[in-house]
Amino acid sequence: MTDATPHAGADAVLHRLNFHLPEDRVAQTGAEPRDASRLMIVGEAIEHRVFRDLPDYLRAGDLLVFNQSKVIPARVMARKPVDAHGHGGGSVEVMLLRAEERPELGRHVWSAYLKPARRAGVELWLGGLEHEGGHRAQIVGELEDGARLLRFDHDILPHLDDIGRLPLPPYIDAGDSDETWRDRYQTVYAREPGSVAAPTAGLHFTPDLLARLAEMGVQTAHVTLHVGAGTFRPISGSVADHVMHAERWHVTPETAQAINAARAEGRRVIAVGTTTVRTLESAWDGTQVQPGEGDTQIFITPGRPVNVPDLLITNLHLPGSTLLLLVAAFAGEDRIRAAYDAALNGDYRFYSLGDAMLLTNQAVGRGL
């Protein structure tokens, strides 16, 4: 039963789950090969395995649900226009967030963080000035969180591969080039461009591992949730006051049918990543998953049951994060506390490029 007050008790849970994370435990690079990362099995007991051992815990008829969103090169250097006297041309870093539907402002509108924002002016050129083949953006609005609304003369998305860089987590230094990261910071099944952060639980899968699972009779389905910049934002202050950024999701009729059929037949649904959980719960109507698309600001905290997936594959999250509350809501506070104690004592690597866990839903009977 869900508490009548949203997020009631979540501050206390977050406090009890707080831990000190040494800086050297935050993974700077991914495991090679991808499925060589560690995998903690969190059920009645805790087991320590390697991610390529995942097939040992799955069976024919299980349904793996992946978030197929693809990270876009959303970090772009821009310049202010140069006037007839040669004045201007200062640099502004643009972090594109997402395409916005703002018909009152025209077409090709994106939200973006600018650095520096106050001195950005009213017009920017991305990827070079006009005579250099750059792309003009007019600053036409501001959002509550300080993001600006940029209106382009054309669709900017197809040009980002040429002018942008991947928006890596702030603790990773890509150096002068991000060519390596354009492969490593994507899942092998990424298809739909739109995220500014990777759905990182999927980074552990390789084509060979997916082929092994298919040979076993494990089924797959895909949803899309374009991960926003808010994934980097810790909770500051009260949980009830934390605002989740809106993120675009999409569930096709085929995926909804596959999930609902699995549930009706007593087969397990395994969510790959917290973004998949948030998508499925956003599409849940109280009885089944409905196809559709839209924006979600769903914030899953202890006291709110997770209705759809039976199991969850997820990375190890940072203290004070919304994702730590989500996994506590999913698996239970006591199990998460025990799992994180084991991870800290066992040299597991944390965050986007770190190791993984397989969790059981405390609200659903079909576990490991």
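Tutor: Two strands count as paired if DSSP finds at least two bridges between them. Keep that in mind for this predicted model.

Student: OK. How many bridges join strand S1 to strand S18?

Tutor: There are 4 bridges between S1, residues 38-42, and S18, residues 356-360. That meets the cut-off of at least two, so the strands pair.

Student: Parallel or antiparallel?

Tutor: S1 and S18 run parallel.

Student: And what is the bridge partner of leucine 39 in S18?

Tutor: Alanine 356.

Student: Which strands form the open sheet, and in what order?

Tutor: It has 9 strands, in the order S2-S1-S18-S17-S15-S3-S13-S14-S16. The pairing is mixed.

Student: Which strands stand at the edges?

Tutor: Strand S2 (46-50) and S16. Each has a single partner strand, so one side of each has no neighbour in the sheet.

Student: What does the twist average from one strand to the next?

Tutor: The average is 25°.

Student: Which strands does helix H5 touch?

Tutor: H5, residues 253-264, packs on the sheet and touches S3 (63-67), S13 (219-225), S14 and S15 (269-272). The direction of H5 makes about 145° with that of S3.

Student: New topic. What volume does the largest pocket have?

Tutor: About 900 Å³. The lining has 35 residues, and the closest to the centre are Arg98, Ala99, Glu100, Ser111 and Ala246.

Student: Which strands supply at least two residues each of that lining?

Tutor: S6 (91-100), S7 (109-115), S12 (192-195), S14 (247-251) and S16 (292-296).

Student: And the lining by class?

Tutor: The lining has 14 nonpolar, 9 polar and 12 charged residues.

Conventions. Residues are numbered from 1 along each chain as its sequence is written. This is a predicted model: local features need pLDDT of at least 70, side-chain atom pairs count only at pLDDT 80 or more; totals for chains, interfaces and linings use all residues. Side-chain values use heavy atoms; hydrogens and water are left out. On a 1 Å grid over the protein atoms alone, a cavity is a set of points where a 1.4 Å probe fits but cannot get out, and a pocket is an open set with protein on both sides within 12 Å along at least five of seven lines; lining residues have an atom within 4 Å of a point. Grid points are joined across faces, edges and corners, and a volume is the space filled by probe spheres set on the points. Ala, Val, Leu, Ile, Met, Phe, Trp, Tyr, Cys and Pro count as nonpolar, Asp, Glu, Lys and Arg as charged, and the others, Gly among them, as polar. Axes are lines fitted to C-alpha atoms, for helices over the stretch in contact, and angles run from 0 to 180 degrees between N-to-C directions. Contact means heavy atoms within 4.5 Å.
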